[in-house]
Amino acid sequence: MQKTLLAATALVVVFAAMPDAAHAQRVDLDDVELRAQAGEPVEVIINDQPVRIIIAPDAVSAVTVNGDVAERLGLEPSMFRFMYVIGSTELPFQTDTVRYHMQGGTFRRRTAYSERQFVEGADGTVAPGHFPQERVVLTLREQTPEDRAHSFPLERLGRSLVGTVLEEGGVPIHVAFSFDRPETLITATGGRILADDYRGYFSGEPRAIPILYGVERPVRSLTLRDPLMLGELEVRNIAVRVSDHGNSEGIDEGPPPEGDPDEIVVTANTGDIPRQRMYLGMDTIGHCASITYDFDEEVLTLMCPDQPVAID
């Protein structure tokens with residue numbers, strides 16, 4: 001049996017009076033398309049100083065800079081601030097609205113910072129779509145004739161994430177991507193829903209993996225008997241955030257003995273479940289050439305060849 005998935009899951013962000021998204025402000029640019037290599041920073045000018053920002057598909061939408069960069073730029077705290085919650089870890093951020101210059105245009109954006117150093121190899125991170133370009137293309141490699149377009153509706157999850165959305169088991173699941181880990185990461189309740197729908201079970205012991213900003217949280221590997229698909233892409237190497245964002249109880253501990261019915265018993269309450277999040281990792285998208293976010297057409301497109309055969 002094969003089922004189709006059109007979106008994903010992740011972290012919790014709590015905002016205090018943050019402003020609307022970037023595209024409310026039209027800006028004259030030399031180019032309406034922003035291209036960036038996966039994991040490589042682009043250079044922008046903030047307060048007349050060069051700053052290297054990584055456009056990350058799993059980043060918080062607001063530009064977030066390291067503490068030393070905020071000091072160099074002279075950022076000052078405003079009344080707007082937010083708390084980024086990663087499991088039991090709370091990361092408070094101050095914000096300041098500053099002037100940017102890039103691609104021949106200037107614009108103002110609220111920029112987040114704290115005293116910590118959150119980003120290695122760059123000055124900060126930002127999600128696709130926070131800058132004013134109509135299209136953002138994140139490239140993993142050069143495109144080849146074997147690459148084909150896999151397109152999905154482009155959706156925003158509040159002010160914090162950009163991707164696509166599906167309903168699985170009657171629950172919205174928001175799908176984004178990560179270039180920083182092989183695993184596909186999903187929230188606890190989302191993992192339980194997938195286990196129920198795709199005959200899944202836990203395999204292996206809990207382990208800690210980095211989530212974001214250097215914070216690690218416990219996960220467990222989820223094995224599905226039926227393929228979980230994003231269009232034509234099989235979602236592989238799924239890790240469930242077992243201690244965060246819901247309840248993973250009801251997922252089998254290992255495959256049932258031979259002859260047992262393929263059945264998952266769900267024990268958690270399924271009423272009023274918040275939207276879940278899933279980040280597709282490199283074991284699922286690493287063979288693709290690029291991800292394009294078209295905010296004008298509201299289309300998300302992955303350019304990928306046929307997916308390589310999975311190796312157990």
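1. **Before you start.** This is a predicted model, where local features need pLDDT of at least 70, side-chain atom pairs count only at pLDDT 80 or more, and totals for chains, interfaces and linings use all residues. Residues are numbered from 1 along each chain as its sequence is written, and side-chain values use heavy atoms, with hydrogens and water left out.

2. **Overall make-up.** You will find 3 helices and 25 strands in the protein; these are DSSP runs numbered from the N terminus, helices being H or I of at least four residues and strands E of at least two. Of the 312 residues, 55% are buried, that is, under 20% relative accessible area, with over 50% called exposed and the range in between partly exposed (1.4 Å probe, protein chains only).

3. **Contacts along the chain.** A contact means heavy atoms within 4.5 Å. Among contacts with a separation of 6 or more, 74% join residues 24 or more positions apart.

4. **The open sheet.** Look for the 5 strands in the order S3-S11-S24-S25-S12, an open sheet with mixed pairing; two strands pair if DSSP finds at least two bridges between them. Strand S3 (33–37) and strand S12 (148–153) are the edges, and each has a single partner strand, so one side of each has no neighbour in the sheet. From one strand to the next, the twist averages 15°, using lines fitted to C-alpha atoms as axes and angles from 0 to 180 degrees between N-to-C directions. S3 and strand S11 (residues 135–139) run parallel and are joined by 5 bridges.

5. **A tyrosine pair.** The structure has 9 aromatic pairs, meaning rings of Phe, Tyr or Trp (its six-membered ring) with centres within 6.5 Å; planes under 30 degrees apart are stacked, over 60 edge-to-face, and the rest tilted. Tyr84 and Tyr213 have ring centres 5.7 Å apart and planes at 70°, so this pair is edge-to-face. Tyr84 sits in strand S7 (residues 81–86) and Tyr213 in the loop between strand S17 (200–212) and strand S18 (215–224), so the pair ties together parts 129 residues apart in sequence. Tyr84 is buried at 1% relative accessible area, and Tyr213 is buried at 8%.

6. **A phenylalanine pair.** The rings of Phe107 and Phe131 have centres 5.8 Å apart and planes at 55°, so they count as tilted. Phe107 belongs to strand S9 (residues 105–113), and Phe131 to the loop between strand S10 (124–126) and S11, 24 residues apart. Both Phe107 and Phe131 are buried.
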